[in-house]
Amino acid sequence: MAYAIASARPTTSFAIRALRATGTFLMAITEGASRMRTVRQLENKSDQELADIGIKREDIARAVFVGRYYI
């Protein structure tokens, strides 16, 4: 006896997939720009100001990108 398995996942058009990919790409750029702005702001602080908020200068990137990248 033969069985046929039908896919329950609806197919999406190329245009919809392309728009989703473009949106994801633009969101990543926006998020990256925001995080880099934060890095620059923290780099402009003095060592004492960084110590007051509990960050060492060498840990700025780790503090800003935690959870996003493995650093």
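Modeller: The contact to examine is the salt bridge in which the side chains of Asp47 and Arg57 meet, at 2.8 Å from N to O. This pair links distant parts of the chain, with Asp47 in helix α2 (residues 47–52) and Arg57 in the loop between α2 and α3, 10 residues apart. The two partners fall into separate accessibility classes: Asp47 counts as exposed at 53% relative accessibility, because the cut-off for that class is over 50%, while Arg57, at 35%, counts as partly exposed. In general terms, side chains of opposite charge can pair when their charged atoms come close.

The coordinates belong to a predicted model, and the confidence values should be kept in view. The protein chain averages a pLDDT of 87, and 83% of the residues score at least 70. Among the elements, confidence is highest in α2, at a mean of 96, and lowest in α3, at 91. Helix α2 is the element that holds Asp47.

Of the 71 residues, 10% count as buried. The accessible surface comes to about 6400 Å², and carbon and sulfur atoms account for 60% of that area.

The search of the whole structure finds 3 salt bridges. Besides the pair already described, the side chains of Asp59 and Arg62 meet in a salt bridge at 2.9 Å, N to O. Asp59 counts as partly exposed, at 23% relative accessibility, and Arg62 is also partly exposed, with a relative accessible area of 42%. A further salt bridge joins the side chains of Glu31 and Arg35, again with an N to O distance of 2.9 Å. Here both residues lie in helix α1, 4 residues apart, which is about one turn of the helix. Glu31 is partly exposed, with a relative accessible area of 27%.

The largest nonpolar core has 7 residues in all: Val39, Leu42, Leu50, Ile55, Ile60, Val64 and Phe65. The elements giving two or more residues to this core are α1 (14–43) and α3 (60–65). Its largest share, 3 residues, comes from α3. Such an arrangement has a general background: in soluble globular proteins, nonpolar side chains tend to be buried together.

Phe25, Leu26 and Ile29 make a nonpolar surface patch of about 310 Å². Of these, Ile29 is found in helix α1.

To return to the part requested, the contact between Asp47 and Arg57 is a salt bridge of 2.8 Å, N to O, and it links helix α2 to the loop between α2 and α3.

Terms used. Residues are numbered from 1 along each chain as its sequence is written. This is a predicted model: local features need pLDDT of at least 70, side-chain atom pairs count only at pLDDT 80 or more; totals for chains, interfaces and linings use all residues. Side-chain values use heavy atoms; hydrogens and water are left out. A nonpolar core is a set of buried Ala, Val, Leu, Ile, Met, Phe, Trp, Tyr and Cys residues joined through side-chain atoms within 4.5 Å. Buried means under 20% relative accessible area, exposed over 50%, partly exposed in between (1.4 Å probe, protein chains only). Accessible areas come from the Shrake-Rupley method with a 1.4 Å probe; for residues, only the protein chains shown count as cover. A salt bridge is a side-chain nitrogen of Lys or Arg within 4 Å of a carboxyl oxygen of Asp or Glu. Patches are made of residues with over 30% relative accessible area and no salt bridge: like charges are joined within 9 Å, nonpolar side chains (Val, Leu, Ile, Met, Phe, Trp, Tyr) within 5 Å. pLDDT is the predictor's confidence in each residue, from 0 to 100.
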